[in-house]
Amino acid sequence: MEPSQTSALLPSGPNGFITFLYYFGLTSLIASVVIAQALHLDLGTPTPYQYAFILGMIGGVWGSYFNRSVTLELQSHHPQNLLANLENKLQELGFTQCQQQEQIRIYSPQLLPSLFMGKIRVLVAENQIKIVGRAVHIQQLQKSCSQESS
């Protein structure tokens, strides 16, 4: 399968900039209202927004670091063995396969955590496996794969 076809099958998700904007905007909005209420200020004054901007920047950086979408590519001459190993690691992290669309396997945590943890998508190609998910989960998978290979 050509790279252009695999990228069309496997959506990459929001990049770091989009994720930053989401967390910055949401944090700033909530913080400005909370600060205005806590300090008994009117929302027409600039003070709540000045503090909310700082908190929004912190929230945006934090959110984009952990929650941006990342792609991990693993090369193997035996992708089915690698897939079995990957599924074990995903189960250790609390993910189970919930769907399969064409060649993509979708893994999700069970019940309530799924609202906050997101999904992991896995595409098995000829000699490689592509994994797309939140950065924090992909880093854990990459770390466990590198520990096993060493």
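I120 touches L90, F95, R105, I106, Y107, I131, V132, G133, H137 and L141, leaving aside residues up to four places away in sequence; contact here means heavy atoms within 4.5 Å. This is a predicted model, in which local features need pLDDT of at least 70 and side-chain atom pairs count only at pLDDT 80 or more, while totals for chains, interfaces and linings use all residues. Residues are numbered from 1 along each chain as its sequence is written, and side-chain values use heavy atoms, with hydrogens and water left out.

I120 is also among the members of the largest nonpolar core, which has 15 residues; L86, I120, V122, I129 and I131 touch the most other members. Such a core is a set of buried Ala, Val, Leu, Ile, Met, Phe, Trp, Tyr and Cys residues joined through side-chain atoms within 4.5 Å, where buried means under 20% relative accessible area with a 1.4 Å probe, protein chains only. Two or more residues each come from β1, α4, β4, β5 and α6 (135–149), and α4 gives the largest share, four residues. A second, separate core of five residues includes I104, I106, L123 and V132.

Turning to the sheet, five strands form an open arrangement in the order β1-β5-β4-β3-β2, with antiparallel pairing. Helices (H or I, at least four residues) and strands (E, at least two) are DSSP runs numbered from the N terminus, and two strands pair if DSSP finds at least two bridges between them. Because β1 (69–75) and β2 (95–101) each have a single partner strand, one side of each is left without a neighbour in the sheet. Strands β4 (residues 120–124) and β5 (residues 128–134) are joined by four bridges, and V122 has I131 as its bridge partner in β5.

Methods: Buried means under 20% relative accessible area, exposed over 50%, partly exposed in between (1.4 Å probe, protein chains only).
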